[in-house]
Amino acid sequence: LEPSKWTVLFRNILHVPCSQKVTFRLMCPVKTCQVKVTNNDTELELIKRLRPFDTYYIEPNKNGYTMLGEVWSQEDTIEGGDWKLVVMSSSVDLPTINMT
């Protein structure tokens, strides 16, 4: 990744079967990364800046929630690397993720 550039790591749709608390954790070799979560029914961004282990209350909806993972660089060139998104739920009815 070139300096002062950003790129999308992933874009997936999350569906929750019932009201639940959800925790997202993005593990990436780059510290300047984030996950944005947008309600697809209302088009409102629920999570703008994800901090590790923050918990969010998510309600079921018709079209799910878009999860967008981003990484950016302002100074140095960033080498490619592995990343991992962990989604933890308070419910036994786990959320489903549609890969797009």
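**Briefing: strands, core and a salt bridge**

Arg-11 counts as partly exposed, at 46% relative accessibility. Its place is in strand 1. The model described here is predicted.

**Arg-11 and strand 1**
- Strand 1 spans residues 5-15, and Arg-11 belongs to that strand.
- Arg-11 and Leu-68 are 57 residues apart in sequence. In space, their C-alpha atoms are 4.6 Å apart.
- The 46% value puts Arg-11 in the partly exposed class, because that class lies between the buried limit of 20% and the exposed limit of 50%.

**The nonpolar core**
- The largest nonpolar core has 16 residues.
- Leu-14, Phe-24, Val-37, Ile-58, Tyr-65 and Met-67 have the most contacts inside this core.
- Five strands each supply at least two of the core residues: strand 1, strand 2 (20-27), strand 3, strand 5 (55-58) and strand 6.
- In soluble globular proteins, nonpolar side chains tend to be buried together.
- Ile-58 is in contact with Val-16, Cys-18, Ser-19, Gln-20, Val-22, Leu-46 and Tyr-65, leaving aside neighbours within four places in sequence.
- Tyr-65, one of those partners of Ile-58, is also among the core residues with the most contacts.

- An open sheet of 3 strands runs in the order 5-2-7. Its pairing is antiparallel.
- Strand 5 and strand 7 (84-89) stand at the edges. Each has a single partner strand, so one side of each has no neighbour in the sheet.
- From one strand to the next, the twist averages 30°.
- Strand 2 pairs with strand 5 in the antiparallel sense, over 4 bridges.
- Val-22 stands opposite Tyr-56 in strand 5. Val-22 is also one of the contacts of Ile-58.

**The salt bridge**
- The model has 1 salt bridge.
- Glu-70 and Lys-36 form it, and their closest N and O atoms are 3.7 Å apart. The pair counts as a salt bridge because the cut-off is 4 Å.
- Glu-70 lies in strand 6 (residues 65-73) and Lys-36 in strand 3 (residues 33-39), so the bridge ties together parts that are 34 residues apart in sequence.
- Glu-70 is buried, with a relative accessible area of 11%.
- Lys-36 is partly exposed, with a relative accessible area of 23%.

Notes:
Residues numbered from 1 in each chain as written. Predicted model: local features only at pLDDT ≥ 70, side-chain atom pairs only at ≥ 80, totals over all residues. Heavy atoms only, no water. Salt bridge = Lys/Arg side-chain N within 4 Å of Asp/Glu carboxyl O. Buried < 20%, exposed > 50% of the residue type's maximum accessible area, 1.4 Å probe, protein only. Core = buried A, V, L, I, M, F, W, Y, C linked by side-chain atoms within 4.5 Å. Contact = heavy atoms within 4.5 Å. Pairing = 2+ DSSP bridges. Axes fitted to C-alpha atoms, helices over the stretch in contact; angles between N-to-C directions.
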